[in-house]
Amino acid sequence: MKQTLQIAVRTLVEHVLRSGDLELTFLGASRAIEGIRAHQQIQKSRPDTYVPEVHVSHSVDTGRFVLIVSGRIDGVYHEPHRVMIDEIKTTLSDLNTLNEKEDSLHWAQAKCYAYLYGLSHSLSKIDIQLTYYRLDTGQIREFHQSHSMQSLETFFKELIDRYLQWAESIIDWYGVRSSSIRLLNFPFGSYRPGQREMAADVYRTIKQKNQLLIQAPTGIGKTMAVIYPAVKAIGKGLTPKVFYLTARTTGKIIAEKMFEEIRKQGGRIKSLTITAKEKICLRPESSCSAEECEYAKGHFDRINGAIKESFNEDALTRETIVEKAQSHRVCPFELTLELSNWADCIICDYNYAFDPRAFLRRFFMEEGNGYVFLIDEAHNLVDRARDMFSSEICKQPFLSLRRVIKEELPAIYKALGAINSLLVKKRKQCEAAAGMMAEKDPPEALFPLLRRFLWLTERWLSLNIKTQYREDLMDLYFSVSAFIKIWEQYDDSYATCTEVTGDDLKVKLFCVDPSVSLRNALSRCGAAVFFSATLTPLDYFQSLLGCEDMAEKRVLPSPFPEENLCVLISDHISTRYRHRKSTVTEVAETLIHLVEQKQGNYLLFFPSYEYMRMVHATFVNARPQLRTLLQAPEMCEEERERFLEQFVKETSNTLIGFVVMGGVFSEGIDLAGERLSGAAVVGPGLPGISLERQLIRDYFDHHLGQGFEYAYLFPGMTRVLQAAGRVIRSESDRGVILLIGQRFKTPTYRNLLPQQWQPISVRSEDQLNEILKRFW
């Protein structure tokens, strides 16, 4: 059978005929919904001779392959002496300024529909009507053309001929890719223990369109164990596209390296990394307009050339995309999105697949596409999902903006006043509840006021008038729009948190249980693989990640010699919050004994910055000669890199890093060999008590009878295991893990430690010294 390539009429027309500037003018969050309603309203107003939503399709046999062009016509008039195609477009522009040749893309799309319809109904001629509807006034203006099928055929064939050169490049690529993958062997000389089994599980999951949760220890080669079978699945036609989803930049870099290893072995696969728009922008100080940005001016005149040249590359990394964008003077983010249509694997952040405000609509608006999700460090997705499916607004921005626009935008000024008044009342209620309160129901009285603000603001922003307050107004618009979007899915898994913060008031729609929203998001893929070194207990993650009951679960043992790891528990010291000041000296002395038994590099993990600084001060006072580093809050990427660069293999002095559990140094860093001799974890890392954590506890107490476990225990022990996972990274690594805290000796906590660990309880400094001396 000949290979097929499918393309929508609109995509075909835009690819061949687009030209001019990139103008990211404001469209508004409700524009799509209003557009759909306008289409339906116009279609209902048409006479009985009118048939709405007519699907058309045509196959073009090129000799080498079949190109299937399809689309959906807004409506077709069937009248006694003519057939007329109706293409409906919505706008906020002045219709009186339009002329018949205003938008060549609109006419081209309509002419393609007319040709496809005429061809399937053996017509000799056909009429076309472009119907423009102004959303804010309801005004309608129509333009008409008549065409013979011969003229439409000429137009369509010219369009196809111009597209075929690109289409042939795609077909050529599919052939090269499939042949290379068929011959591709595992990129490394041999599998690590457990890696082959993991790869086989992943491939079977993709083939069966199932879900899989894998807990695999650090160093087993998890990334290649999921990417290699996914590439093989692409070669077999089991999936059209793979999404490698990760929470950290380091995760993206590791995935890019694994694809490069595959290419070194002859595998041809196009991987593309999506970088956030604000991070890849070449003119961050300018707006996305031809007046301010040279990459926006004439962008569509040059974009096809940029795509064609970029397609010669298999590794579409951030650096490659920026280079091509600069060379062709196009927007790098828009080039990224264009190339994503043709990439085999997309490496990106979780939010591009799951976030209701940011997911890639070009791929995920319809189900049944058969995509594969590979979800890296999946333990992070629980809290990230809570953030993605929650939203908040604060009172102060409404009040500040109201003062600025009072004279120029009186209607919006009034709408902001109504919102502010309601929030003032809410603030008084909150102050009476000690500054913080939680409610099961959302603030229903607030939503009509917010919708009114959105409606008025959208109308003004759509005019694209430049003012000093425009950006602040747009920011507030998007914040409110996000808040409304979350409110629309508010159910029993949500709670409303209200908190007084200084002079401000925060109202948050908090997602207590993200499983329902994640389950809906997972319908966007055919198969999903969740993998991490810490998915303990698996039932907890299966539940919160929205997995199906039929999802498979695997726990792989460590492939490294047990004698290379020494696990100690100093379980006679209390690290509970109320005891920390009284035991700080004992904790510091225990840590000193850990690091003085062997010269090397150590990481010491704490549950909070406050506790870390307290112990650090005592530690330094006792051993001022020892070199220490202290993690600071909100460290930038450059500062983090400088911190890690200090951990060198050959060191003349011991180096001790004081860091926070669950932070940037708890995962995604690789200090192999002599770069790290040991780690200490002080306390079980339970999240701090807060309103939101208590809501989680109450919710899961009610539903599962496991409130403490879901709110505190499981998240805390995940942090512990992630921190401990920094020590052994390869077969030759040797190291020490020291857990400090009485709670580690209880079954509740101890049962969550890896089975292959054989922890030794230490009750004295002499015992600790003796065990460490014997191990080293």
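**Close-up 1. A polar contact joins the side chains of H147 and Q145 in this predicted model.** The contact spans 2.7 Å. A polar contact is a pair of N or O atoms within 3.5 Å; within protein, one must be able to donate a hydrogen and the other to accept it, and residues adjacent in sequence count only if both atoms are side-chain atoms. Numbering starts from 1 along each chain as its sequence is written, and side-chain values use heavy atoms, without hydrogens or water. Local features need pLDDT of at least 70, side-chain atom pairs count only at pLDDT 80 or more, and totals for chains, interfaces and linings use all residues.

**Close-up 2. H147 is buried in its setting.** H147 belongs to strand β6, residues 140-148 (strands are DSSP runs of E, at least two residues; helices are runs of H or I, at least four; both are numbered from the N terminus). Its relative accessibility is 15%, so H147 counts as buried (under 20% relative accessible area, 1.4 Å probe, protein chains only). Beyond neighbours within four places in sequence, H147 contacts K111, K125, I126, I128 and L152 (heavy atoms within 4.5 Å).

**Close-up 3. Four strands form an open sheet.** The order is β13-β16-β15-β14, with antiparallel pairing (at least two DSSP bridges between two strands). β13 (391-394) and β14 (436-439) are the edges; each has a single partner strand, so one side of each lacks a neighbour in the sheet. Neighbouring strands are turned by 15° against each other on average, direction ignored (axes are lines fitted to C-alpha atoms, for helices over the stretch in contact; angles run from 0 to 180 degrees between N-to-C directions).

**Close-up 4. β14 runs antiparallel to β15.** Four bridges join β14 to β15, residues 494-501. A438 stands opposite C497 in β15.

**Close-up 5. Helix α15 lies across β13 and β16.** The helix covers residues 395-405 and runs at about 45° to β13. Strand β16 covers 504-511.

Conventions:
Buried means under 20% relative accessible area, exposed over 50%, partly exposed in between (1.4 Å probe, protein chains only).
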